[in-house]
Amino acid sequence: MSLLALNAVEAYYISTVYVAALLTVVSFTQRPVRKLLTEKLEKLSFVVEIFASFLVELSLQLIVFKLILIQVTSYFVGFTVDHILTSLAYYVDILTIGGLIILYTEMMNEKSLAEACIREINKSAKPLQSFVSTLEISKIINPFWSPKNINRHKNTNLFALIVSYATNEEIREALVSTNFDYKQPKRLMLDVYTSTKKSEGLRPVLIHFHGGAWRLGSKDHLYPHEQILITESDWVVVNAGYRLAPQNAYPTHLMDVKRAIRWVKANISAYGGNPEFIVLSGDSAGGHLSSMASLTANDPQYQPGFEDVDTSVQGVVSFSGAVDLFHGKSTSLFFSIRVANLKAIDNDFVRKHSPASVIKSTHPSKLVPTLLLAGDRDLLVQSDQARIYKKSFDEATNSGQCRVFTNPHGKHINFLSWSPRSYYNARVVQAWCDQLSTRSQ
């Protein structure tokens with residue numbers, strides 16, 4: 001191998017070591033790092049938290065990758081006094097691997113918490129199997145694996161080759177308002193997922209809205225909790241997109257969510273779904289939108305052109321949802337300026353669109369059962385937001401229908417790939433959704 005190639009291997013190893021070490025430290029710390037990132041390094045907080053989340057959830061795969069990289073570097077470069085920087089990086093790497101082992105063990109140990117929550121939901125529930133005992137080799141190799149016994153009706157229905165949940169007039173408005181940006185109509189689409197096995201009768205429906213700070217994201221990923229609901233509980237799952245800021249100022253996002261609900265209620269029976277039983281699901285910004293959609297059901301100001309359409313739902317599941325926009329000045333500032341495209345913080349506007357505040361002006365009869373999942377190490381959406389939402393919910397009604405499940409070591413993303421934590425979270429969601437569906441029958 002040439003000297004240039006050797007230098008490249010050495011540089012790559014050293015850089016990956018220190019990046020992983022930094023993210024591992026961030027994954028363990030809570031208050032100090034949160035304060036630094038949210039107050040001093042706000043622009044970096046999103047990127048750091050997302051990468052740290054993936055590091056935690058993919059810690060097992062990363063350990064294997066690091067062990068292989070150590071062997072490759074040792075063979076081509078060596079950890080000797082002639083390569084002092086590489087040797088120092090090696091010792092840092094060993095410490096990082098130890099940290100990753102601890103992070104993975106923490107996820108495994110959360111089984112008891114999930115099991116206790118499931119028993120509270122359903123006292124007759126069977127003991128929860130360990131993630132390792134149910135793990136397939138395909139999920140280790142590919143943590144974003146999806147089973148084959150799921151039909152994906154991609155952007156199609158029974159009557160057209162391509163379908164948008166928006167009307168022709170709404171699509172035209174989306175183009176005109178963005179100076180004919182032809183990417184916008186693609187945001188107004190959805191995919192329907194069903195089990196390959198035949199079922200009798202109409203099945204419950206879950207509509208999921210992705211996260212991404214109201215500015216990013218895609219509907220194209222099928223989450224573990226969705227896969228389990230489809231393959232084991234025979235639910236129909238819909239992943240819907242929505243238009244994003246800054247091209248589209250909020251509340252365009254909320255209006256699109258309601259348009260998706262309108263389409264599902266009118267068409268989902270063709271896929272075996274029950275239009276009378278719909279649960280909304282969302283992560284991060286999608287959790288906010290799902291909560292807002294349920295709290296503003298049938299509100300004509302967010303249903304332009306379809307004011308008389310019923311957009312009520314039967315439940316909400318929120319993963320790391322931004323349900324209290326007043327939790328920290330940075331949150332309300334970001335939402336006002338970078339999501340709603342306002343020139344400054346508008347507290348009245350934020351209050352009108354912060355779910356924890358909207359609950360206070362919502363009639364108790366309109367509050368639907370809600371499950372909130374959060375991570376105590378989340379640097380973007382602190383788990384206190386879920387607790388504040390539950391407090392507001394409980395003050396508005398004594399129904400006890402709002403439940404919070406907290407991962408004590410969870411980061412912002414703990415639901416996207418097959419990891420112990422996402423698996424246990426998915427089981428909690430499955431138990432909650434199935435129990436809600438059973439009670440409605």
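Helices H6 and H18 are roughly parallel to each other, a label given to angles under 35 degrees, with over 145 counted as roughly antiparallel, 65 to 115 as roughly perpendicular and the rest as oblique. This is a predicted model, in which local features need pLDDT of at least 70, side-chain atom pairs count only at pLDDT 80 or more, and totals for chains, interfaces and linings use all residues. Residues are numbered from 1 along each chain as its sequence is written, and side-chain values use heavy atoms, with hydrogens and water left out.

**Exercise 1.** Find the angle at which H6 and H18 pack, and describe their contact.

Step 1. H6 covers residues 111-121 and H18 covers residues 420-440; they pack at about 5 degrees, with axes 9 Å apart.

Step 2. With contact meaning heavy atoms within 4.5 Å, H6 contributes Lys111, Ala114, Cys117, Ile118 and Ile121, while H18 contributes Tyr424, Arg427, Val428, Ala431, Trp432, Gln435 and Arg439.

Step 3. These residues divide into eight nonpolar, one polar and three charged (Ala, Val, Leu, Ile, Met, Phe, Trp, Tyr, Cys and Pro count as nonpolar, Asp, Glu, Lys and Arg as charged, the others, Gly among them, as polar).

**Exercise 2.** Decide whether Gln441 is buried or exposed.

Step 1. Gln441 is found in the segment after H18.

Step 2. Its relative accessible area is 76%, so Gln441 is exposed (buried means under 20%, exposed over 50%, partly exposed in between, with a 1.4 Å probe and protein chains only).

Conventions
Axes are lines fitted to C-alpha atoms, for helices over the stretch in contact, and angles run from 0 to 180 degrees between N-to-C directions. Helices (H or I, at least four residues) and strands (E, at least two) are DSSP runs, numbered from the N terminus.
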